[in-house]
Amino acid sequence: MEIKVIIAAHKQYPMPDKDCYLPVQVGRALHPDVGYIPDNTGDNISEKNPYYCELTGLYWAWKNLPADVIGLVHYRRYMGKKNGIVGLIQRYRNPLGSILDGKDIEKLMKKSDINKFIEEMEEIGDDWEADDVERVYGKSSLDEALNDRKASLGTFFDIIGTVLN
């Protein structure tokens, strides 16, 4: 899975060296170059930056990056690995050292998909535990898992209907 998190920036600032992060200068159509990838190439709305702020960078990424997942952070605000006092101390000592990387983001997305699968199955009375979803559908996308399970249930109900009739 190709994950790109654009870093919306309008000036030079220390940037993370993790592969999933991509500094993008937002509003480049209206401002001097600061050395990052500009949001005024390809399909873009860079000139609308005064009205849409960092969303001009997100639009540019959506239209121009070949990624499966696109995220957005601001140049001084990142998603961190630790909360509470431990996270605060880590971020103070090394602001860029405790931010999420591509693998962390992928794990969080997978966990979210598992929870969505469980919720949708509960709506039709099919109870699942997270470990079971991971074991049975671990390599499938959320849509693939849902479609497979619904097809299986449809077959099951067809068989029950045949037996009862």
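This report looks at a helix pair, some aromatic rings and the cysteines in one protein model.

The model is predicted, so local features need pLDDT of at least 70 and side-chain atom pairs count only at pLDDT 80 or more, while totals for chains, interfaces and linings use all residues. Residues are numbered from 1 along each chain as its sequence is written, and side-chain values use heavy atoms, with hydrogens and water left out.

Let's start with helix α4 (residues 102–123) and helix α5 (residues 130–137), which pack at an angle of about 105 degrees with their axes 10 Å apart. That makes α4 roughly perpendicular to α5, a label for angles of 65 to 115 degrees. Helices here are DSSP runs of H or I with at least four residues, strands are runs of E with at least two, and both are numbered from the N terminus. The axes are lines fitted to C-alpha atoms, for helices over the stretch in contact, and angles run from 0 to 180 degrees between N-to-C directions.

Which residues meet? On the α4 side they are K110, I114, F117 and I118, and on the α5 side A130, V133, E134 and Y137. Contact here means heavy atoms within 4.5 Å. Sorted by type, the residues of this contact are six nonpolar, no polar and two charged. Ala, Val, Leu, Ile, Met, Phe, Trp, Tyr, Cys and Pro count as nonpolar, Asp, Glu, Lys and Arg as charged, and the others, Gly among them, as polar.

**Rings that pair up**

Rings of Phe, Tyr and Trp (its six-membered ring) pair if their centres lie within 6.5 Å, and planes over 60 degrees apart count as edge-to-face. The count comes to five aromatic pairs, including these two:

| Pair | Centre to centre | Angle between planes | Type |
|---|---|---|---|
| Y13 and Y75 | 5.2 Å | 80 degrees | edge-to-face |
| F117 and W128 | 5.2 Å | 85 degrees | edge-to-face |

Y13 sits in the loop between β1 (3–9) and β2 (21–25) and Y75 in the loop between β4 (69–74) and α3 (84–93), so their pair ties together parts that are 62 residues apart in sequence. Y13 is partly exposed at 35% relative accessibility, whereas Y75 is buried at 9%. Buried means under 20% relative accessible area, exposed over 50%, and partly exposed in between (1.4 Å probe, protein chains only).

F117 belongs to helix α4, and W128 to the loop between α4 and α5, eleven residues apart. F117 is buried at 1%, and W128 is buried at 13%. Ring pairs also link F117, W128 and Y137 into a cluster.

**And the cysteines?**

C20 is buried at 5% relative accessibility, while C53 is partly exposed at 39%. How many disulfides does the whole structure have? The search finds zero, a disulfide being a pair of cysteine sulfur atoms within 2.5 Å.

Terms used:
Angles under 35 degrees count as roughly parallel, over 145 as roughly antiparallel, 65 to 115 as roughly perpendicular and the rest as oblique. Rings of Phe, Tyr and Trp (its six-membered ring) pair if their centres lie within 6.5 Å; planes under 30 degrees apart count as stacked, over 60 as edge-to-face and the rest as tilted.
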